[in-house]
Amino acid sequence: MKKTLSLLGSAIALIATAAHAQTQPPADNDLVAQGQYIAATADCSACHTLKGGMSYAGGTAFKLPIGTIYAPNITPDREHGIGAYTEAEFSRALREGVRRDGSSLYPAMPYPSYARMTDRDIHALYVYFQHGVAPVASSPPANGISWPLSMRWPMTIWRSMFSPDVRKAQLNVQREFEDSATARGAYLVEGPAHCGACHTPRAVTMQEKALSNADGNIFLSGGDTVDGFIPVNLRQDNRTGLGRWTEDDIVAFLATGRNRQGESFGSMSEAIEHGTQHLTDADLHAIAKYLLTLTPRQPNAAAWTYDKAAADALQHGDVSARGARVYVDHCEACHRSDGHGYAPTFPPLAGNPVVMSDAPDSLVHIVQSGAALPGMEKAPSSFVMPSFSRNLTNQQIADVVTFIRHAWGNNAAEVNAATVAKLATSAPTPVLKNPPIPLN
């Protein structure tokens, strides 16, 4: 019976695809390919493709302070997707946050960043979604936002206050840079890749506090919580940013999710899996060159310096420091007594910006729930750090996190059991598509 239903579903999908093709003029294959590349750059799949679902059929849930919204179907199905959109309507939705029916999109859609996208890229993206994507006749669940917050008309006011004028945004990204590669990187980071949507803090009214580096050094200085994790500072801060990363470090991270400095986790792994790993080396280097130009958010902060005191103590069997015994029993085998790990397989903890962040949320969640790093095209192995929430008490997690944040010169603030207990209520669950290699 299941096999029959599967065959029937496949037949329906083929008929729908054929019917759509008959209503559309033939497309330029090169333009479709270009649009597909831009879709990867813009990370469209990560939001609009539900895990295990049809490509771009929507359904991914976003939990916002006002409730839960679901990513819409953006396949070319005319009833359930965007098949009826003209290119002008598509462009307006993407760059101005206005749907075909004239109502406003919630800013979970990063149209303030997409406003910077060129007409050429918008055209290629439109052609791709009309001709390179199979239509899917299904709709995601209804948004879970209670009235009166469910009313969309106030978003018109929000857009007028915080969403940039398209022409001004395009001129902004065309400002002068030292070379064409850095200019290209700025366009990708500030525009289609919408890095600021996660890595820039937001105001109480939910807008990003800066949309480009021209707005000041708060841009990409670290964002608010996303799925339980704190997006890191991408500026040149030595302790909490990318100040000790090289251009090749950044390129390797964006291509594989791992490098000698650390590994991706949470939503960033999805952004790499669906997006940046598919970019050309030239574009990855352009992004890296641009990020290396961003001045530190805290230029006068002391630089991280390795301190071997904790390593010496552990190597001599001294576990008297708070959390040291837990670290030896559960962490040392992979991350070593000196905190250097075995990069790029097991990331270093010594000097790790995530470890030294003001907010311990990400580190606590990784210990609580583990972390999953999917295989990438250039690094096919998948790795999983196990969850310790069932093996360790809140106090033990607080102790070991405090040890990691204190050791090897990290010198970050301690963590208490109450904070761990509070964070446990929002602990994320790592998900991998590929069979993992356990790290325990």
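User: Why is D281 called partly exposed?

Analyst: In this predicted model, D281 has a relative accessible area of 43%. Exposed would require over 50%, and buried would require under 20%. The value for D281 lies in between, so D281 is partly exposed.

User: What makes D281 and K378 a salt bridge?

Analyst: The closest N and O atoms of D281 and K378 are 3.0 Å apart. The cut-off is 4 Å, between a side-chain nitrogen of Lys or Arg and a carboxyl oxygen of Asp or Glu. The pair is within that limit, so it counts as a salt bridge. D281 lies in helix α13 (residues 281–291), while K378 lies in the loop between β3 (371–373) and β4 (383–385), so the pair ties together parts that are 97 residues apart in sequence.

User: Is K378 buried or exposed, and why?

Analyst: K378 has a relative accessibility of 54%. Exposed means over 50%, so K378 is exposed.

User: Which residues of α13 are buried?

Analyst: D283, L284, A286, I287, A288, Y290 and L291 are buried in α13. These buried residues pack against α2 (29–41), α9 (180–190) and α11 (247–256).

User: How do you know that D119 and R95 form a salt bridge?

Analyst: Their closest N and O atoms are 2.9 Å apart. That is within the 4 Å limit, so the pair qualifies. D119 belongs to helix α6 (residues 119–131) and R95 to helix α4 (residues 87–96), and the two are 24 residues apart.

User: Why is R95 called buried?

Analyst: The relative accessible area of R95 is 9%. Buried means under 20%, so R95 is buried.

User: Why is Q170 called buried?

Analyst: Q170 sits in helix α8 (residues 166–173). Its relative accessibility is 10%, which is under 20%, so Q170 counts as buried. Leaving aside neighbours within four places in sequence, Q170 is in contact with R95, A115, R116, M117, T118 and D119.

User: Which residues are linked with R116 in a network of salt bridges?

Analyst: R116 is linked with R175 and E190 in such a network. A search of the whole structure finds 16 salt bridges. One of them joins D312 to K308, with the closest N and O atoms 2.8 Å apart. D312 is partly exposed at 27% relative accessibility, and K308 is exposed at 53%.

User: Why are α18 and α19 called roughly perpendicular?

Analyst: Helix α18 (residues 394–406) and helix α19 (residues 417–424) pack at an angle of about 110°, with their axes 8 Å apart. Angles from 65 to 115 degrees count as roughly perpendicular, so the term applies to α18 and α19. Their crossing is right-handed. The contact is made by N394, Q395, I397 and A398 of α18 and by A417, V420 and A421 of α19.

User: How do you know that strand β1 and strand β2 pair?

Analyst: Strand β1 (residues 61–64) and strand β2 (residues 67–70) share 4 bridges in the antiparallel sense. Pairing needs at least two bridges, so β1 and β2 pair. A hairpin of 2 residues joins β1 to β2, and L64 stands opposite G67 in β2.

Key:
Residues numbered from 1 in each chain as written. Predicted model: local features only at pLDDT ≥ 70, side-chain atom pairs only at ≥ 80, totals over all residues. Heavy atoms only, no water. Buried < 20%, exposed > 50% of the residue type's maximum accessible area, 1.4 Å probe, protein only. Contact = heavy atoms within 4.5 Å. Axes fitted to C-alpha atoms, helices over the stretch in contact; angles between N-to-C directions. Parallel < 35°, antiparallel > 145°, perpendicular 65-115°, else oblique. Left-handed = near helix turned anticlockwise from the far one by under 90°.
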